[in-house]
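Q: Hi! Could you walk me through this one while I have it open?
A: Happy to, let's bring it up.

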Amino acid sequence: MTAQSGTAQASENTPQDNVVADLPTEKIAMKGVYKAFGNNHVLQGADLVVPKGKSLVVIGGSGTGKSVMLKCILGLLHPDSGSIKIDGQETADLSTQDRDDLMRKFGMLFQGAALFDSLKIWENVAFGLVQGRGMKKKQAREIAVEKIRAVGLRAEVADLYPAELSGGMQKRVGLARAVAADPEIIFFDEPTTGLDPIMADVINDLIVEQVKGLGATALSITHDMASARKIADHVAMIYEGRIIWHGSVEELDNSGNPYVDQFIHGRADGPITSGQVR
Amino acid sequence: MQAASQTLETKKSGFNPLTPLLDVCTVLGSGILSFLEATGRLAAFTGQAVGHCFAPRFFPAQIARQLIDIGYYSLPVVGMTALFTGMVLALQSYTGFTRFNAESAIAGVVVLSITRELSPVLAGLMVAGRVGAAIAAEIGTMRVTEQIDALRTLSVNPFKYLIAPRVIAGTLMLPILVLTGDIIGVMGGYIVSIYNLGFSPVSYLSQTWDVMQNIDVVSGLAKAGVFGFIVAIMGCYHGFNSKRGAQGVGSATTNAVVSASILILIFNYLLTQIFFS
């Protein structure tokens, strides 16, 4: 079966339209987004909707366009065409100042944590508060220490540097930094990659706890199915730059989509071949 | 239609006399295009960086840190370079000038060479090696570990937080380093002339004062400002656009130092032409 026919079949079977129609409010709405790097067409008309207060996980293999999609929504990359709306506001042509203001709604946990290695842990966590919002250092430190505790680290960690922490601890600090300013939308880029299964589950629990605690909308990308099942309300699958399936996490095992079935069961045989995964 | 059928015929015959010429044009054209593209990208980056140096919001703590990193910590390197250059200059001038019985011109040669050319150019090149490389490596590493993306997600513009402080510090500190280098360089010449070549201290210093004019020092400091700007911009540009991985950061560092050094030499000629023609 070719990718094209598989995609067509997927769109016939997809419950995506129903999901979109039932949404209470669209926090993030992405429509027909294209993005290419030279001849490499990464996003090819990606459509995605994240309802307010829900957690959507986008699954997909390496090189299918997950990270590029996330960076387009964040404004770190400019899409070639298409529409990306946050709270109904089109974001494609925002000025630098408006973009900076919009960023205040966001928090992001990066794949490698992306902590500033020249700053102490508490300065990392408080960075958005102090530098982005002009909060006094003393007050920001108190909030930072509280967030550091909330992700299960001891308060003494606050005065260490990122290089002195393990990968799992760095991820926790990254999570504390992402939620420090109580964002409305939190992005998670492969939150469990590179962690042992137990630490991955701890991070998953923390993500659920923090997202629910803040009442935030969450958009995650991952290829770790255990993580996806734990943190998702809705799941979407991206393949060759398009969302080919979208449904609730309960529907995942009965999607009727051969691509999704192959991916969630991690089978080598199926419509997705290793040659097709760029 | 006719042209198409001709092309078809040429294909059939297997030889097109224009092919080698077209190949040369293609290679030349793509080379020129990529050069223009890189120049345009650098110009746009420079414009953006300069804009952010003057538009709020400013990060005083970052600017202060860079003033110390780029200025204070470069003092030993620039000082040593100036000292030994001044000393060698006095020795070499002596060797040459004794042949024409013109030893009295040594003090003038030392002070003019140091203030106009050697102190700004050598300080610029030394700082390009020390600071340009460090800037490119630091910002390049921040790029590949997504720290620059993280800055954006925390509502902090990387141009204001990372680039502007380095450009401001580079442009302000190199003239101060060069002024220090001028004094140390002349002192190097003085030490060799007095203690090695047997000159009279009073006459050496008075000759130095007589020969030196304001424009000699001022032109050197103006050059230093431009060189400091070049070093910071090239370090930031190559670091900011670093490719992924250790190799990407390595190339960014090399390119930052090489391009800054070459631009310093080119701008040295242009500025000398402007000041003294």
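A: Before we count ring pairs, here is the rule: rings of Phe, Tyr and Trp (its six-membered ring) pair if their centres lie within 6.5 Å, and planes over 60 degrees apart count as edge-to-face. Keep in mind that this is a predicted model.

Q: Fine. How many aromatic pairs does that rule give over all chains?
A: The count comes to 14 aromatic pairs over all chains. Take A:F127 and B:Y161 as one of them: their ring centres are 5.2 Å apart and the planes stand at 85 degrees, so this pair is edge-to-face. The pair crosses between chains, with A:F127 in helix α5 of chain A and B:Y161 in helix α7 of chain B.

Q: Are those two buried or exposed?
A: A:F127 is buried, with a relative accessible area of 2%. B:Y161 has 7% relative accessibility and counts as buried because the cut-off is under 20%.

Q: Which rings are in the cluster with them?
A: Ring pairs link A:F127 and B:Y161 with A:F116 and B:F59 into a cluster. A:F116 also has a charge over its ring: the charged end of A:R177 sits there, 4.9 Å from the ring centre.

Q: And what sits over the ring of B:F240?
A: That would be the charged end of B:R143, 4.7 Å from the centre of the B:F240 ring.

Q: Let's switch to pockets. What volume does the second largest pocket have?
A: The volume of the second largest pocket is about 530 Å³. Its lining has 28 residues, and those nearest the centre are A:L119, A:F127, A:Q131, B:Q62 and B:Y161.

Q: How does the lining divide into nonpolar, polar and charged?
A: The lining of the second largest pocket has 15 nonpolar, 6 polar and 7 charged residues.

Q: Now strands. How many residues of β9 in chain A are buried?
A: Strand β9 (residues 234-239) of chain A has 6 of its 6 residues buried. In a regular strand the side chains alternate between the two faces of the sheet. Here A:H234, A:A236 and A:I238 point one way, while A:V235, A:M237 and A:Y239 point the other way.

Q: Which strands does β9(A) pair with?
A: Strand β3 (residues 55-59) of chain A runs parallel to β9(A) and is joined to it by 4 bridges. One bridge partner in β9(A) is A:M237, which goes with A:I59. Strand β10 (residues 242-248) of chain A pairs with β9(A) in the antiparallel sense over 6 bridges, and A:H234 has A:S248 as its bridge partner in β10(A).

Q: What about the hairpin of β9(A) and β10(A)?
A: There are 2 residues between the strands, and A:E240 takes a positive phi near 50 degrees.

Q: Last one: what is the strand order in the open sheet of chain A?
A: The order is β2-β1-β4-β5, 4 strands with antiparallel pairing. β2 (40-51) and β5 (89-90) are at the edges with a single partner strand each, so one side of each is left without a neighbour in the sheet. Strand β4 (residues 81-86) and β5(A) are joined by 2 bridges, and A:Q89 is the bridge partner of A:I86 in β5(A).

Methods: Residues numbered from 1 in each chain as written. Chains lettered and ligands numbered in written order. Predicted model: local features only at pLDDT ≥ 70, side-chain atom pairs only at ≥ 80, totals over all residues. Heavy atoms only, no water. Buried < 20%, exposed > 50% of the residue type's maximum accessible area, 1.4 Å probe, protein only. Pairing = 2+ DSSP bridges. 1 Å grid on protein atoms, 1.4 Å probe; cavity = no way out; pocket = protein on both sides within 12 Å on 5 of 7 lines; lining within 4 Å. Points joined across faces, edges and corners; volume = space filled by probe spheres on them. Nonpolar A, V, L, I, M, F, W, Y, C, P; charged D, E, K, R; others polar. Phe/Tyr/Trp six-rings, centres within 6.5 Å; stacked < 30°, edge-to-face > 60°. Lys NZ or Arg CZ within 6 Å of the ring centre and 35° of its normal.
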